[in-house]
Amino acid sequence: MITAQGIARTFPGRGSMLRREPVRALRGIDFTIPDHGAVSFIGESGCGKTTLGRILCGFEEFDGGDLIIDGQSMKALRSRDRAQYFRRIQMIHQDPYSALNPTRTIGQILGDPLHLRARQTGAAAGWVRDRRAELLGLVGLDPDYVLPRYPHMLSGGMRQRVVIARALTVDPEVLVADEAVSMIDVSLRLGILQLLQGLRAKAGVSLLFITHDVATARYLGPDGELYVIYRGMVVEHGGTDAIIRHPTHPYTQCLLSAIPVLRGIEEPGPDRLIPLAPLDERTQPPGCLFEPRCPQAAADCRAAVPELTQRADASPGSASPGSASPGSASPGSASHEWACLHPETRSVVATVAS
Amino acid sequence: MAAPVKPETATGAAVRVRDLTVAFRTQEGPLPAVSHVNLDLVRGQITGLVGESGSGKSTLALALLNAVPAPGQVVEGAVEIDGVGDVLALRRGALRKMRGADIGYVFQASQNSLNPLKRVGKLLLDLGRSHGLRDGRALIQQSKALLADMGLDATRVLSSYQHELSGGMRQRVGIVFALLLNAHVLILDEPTTALDMLSQAQVLEIIRRIHAERHLTTLIISHDMSVIGDLADRMAVMYAGRVVEEGPTASVLACPRHPYTRALLAAMPRITGDTAGARALPGRPPDLMSIPRRGCVFEPRCPLATPACLDDEPPDTYTGDHRFACFVTAGETQ
């Protein structure tokens, strides 16, 4: 289990000496990735979700808060001692076309980390060969076909499966998938998503799924949790299905409204919201960070930064009548919370036309 | 019951593609990337072209500009464009004039297709000069109006290098380049790939508005059925170099007739509906070498395939202005 407490990261600004201002990529984020769980981060480009994934893999330092992996605080450790903890968290890269060395066969690509692992665990000689075939079977590839081939001989979907198999060579507990399906054809995405969901049970891993496409997060399992991130802050958190059904923060509603609607088979949601302006990272609003773009902003939104809260009566403002009762969304999933002074559920997601 | 409307008799087409075959010369002999394609782009409408990587969508679109890169070559067919005639017969000067003046093309990955060493304003002036426009001032005025129309800060964009613009902004600058010479046909190749959802929605809305305001005939190419389903009036589904289904978008999506279209729809991650009903597409998309030479090209991946599908290529079946190429589903009653 991994717990993040107030993770923050500030980058030194770019530009001329006089205009240089630090960029606050993460402003204190709390989250928990339970064992065998599936957690998704969604948000637009530049919201900090990729930085968060990189911090989790140990590729990036954090300068505020703490990361606790299996009960061990990372802040308390020297960077050399952190390596054994970060080994348990493996990244699946976004681009399967550049994540594999083009001059090496798939057999070599998978063999190297396995030989390393065999030395660490003192495994027998034939273990590497068996494990390689086992991992390829797990990701749905035929070892005899794939092993002697170079990456360019495989399709995008097959390459992404090789990338996943490579991440599994070091027996991780968590896979971090940063836009893992956005570079591959829509027709092949579902196969990869179903594979990731299956790995939770078969390989005993938990998933951290980073995406801008909320729809893909639904396919990781019914117990998935969603964190909506805006400018380095969590603005809404809850079960994936609960948020899609009852989006409460206006930013979440904007993201869901932006999903294309299929003519002839879907009806657009009646309350669709569009942000008033594009993202401008240079401004620092005094109150709610989303206020300058929020179609529903009120005067008091400029005065105070809203905290992540959970309404005691669970159903906010004008929840649509006949909506599912709070407990029915997904048993055992997270509580639904949001950071907005004027929370109101809106119907923004398209529905299947009758 | 509506009389069958064949493409030859359809009126109001601004672009007519007839029996187009584009082949690539290889050591194995010529291999067709686009094979006997018929497609009309109806004047004033948005046509969507959807298919997996390698299905021949971009090759088809480049053939509309007579710009298929070697070793590719148009071996058969015609592309007729209103006010231009047969594009495939044009040579040098006439061809260059047609590109830009009649057809505007927004390239795939247009986010990276701008010259990184020049400011956007300089690039726009280069474009005007290469088409013999001497009045640079008027050109800049016109591009400022277009940029402002797309919700961009025109002065800032013109004095920016491409790396100073976000992905969504570069995509919109690509559209400005395509429309600056008042083209009446606009072709967009994967205009929203690599954009996040909010930028994608914004770009789609701009395409929709510009298309209507300028009375364009638009072709939008994407591997993402949801983009086509949101934007296009008519859609064509491509597989292995063939148009396997084509018709009004609502009709194709609500009653898909080709097994490939049905499989694509079932394999789409969707925000509505039951996730358990989703089915990944079996097999892998064919490349030039592995396209079946005989019979139906979708047969190896088709759940409905019969022995008859191995022998002949299925002809188009028409129901109203919706056509598809399948032996098996042609027998279904609607």
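Trainee: Does helix H6(B) pass helix H7(B) in a left-handed or a right-handed crossing?

Mentor: This is a predicted model, where local features need pLDDT of at least 70, side-chain atom pairs count only at pLDDT 80 or more, and totals for chains, interfaces and linings use all residues. Residues are numbered from 1 along each chain as its sequence is written, while chains are lettered from A and ligands numbered from 1 in the order in which they are written. A crossing is left-handed if the near helix is turned anticlockwise from the far one by less than a right angle, and right-handed if clockwise. For H6(B) passing H7(B), the crossing is right-handed.

Trainee: And what is the relative direction of H6(B) and H7(B)?

Mentor: Helices are DSSP runs (H or I, at least four residues; strands are E, at least two), numbered from the N terminus. H6(B) (167–179) and H7(B) (197–213) pack at about 20°, their axes 9 Å apart; axes are lines fitted to C-alpha atoms, for helices over the stretch in contact, with angles from 0 to 180 degrees between N-to-C directions. Angles under 35 degrees count as roughly parallel, so H6(B) and H7(B) are roughly parallel.

Trainee: Over in chain A, which strands stand at the edges of the sheet?

Mentor: Seven strands form an open, mixed sheet in the order E6-E7-E8-E3-E9-E10-E12; two strands pair if DSSP finds at least two bridges between them. Each edge strand has a single partner strand, so one side is left without a neighbour in the sheet: these are E6 (89–92) and E12 (337–338).

Trainee: Which residue of E7(A) is the bridge partner of A:Gln90?

Mentor: Four bridges join E6(A) to the parallel strand E7(A), residues 174–178. In E7(A), A:Gln90 has as its bridge partner A:Leu175.

How values were computed: Parallel < 35°, antiparallel > 145°, perpendicular 65-115°, else oblique.
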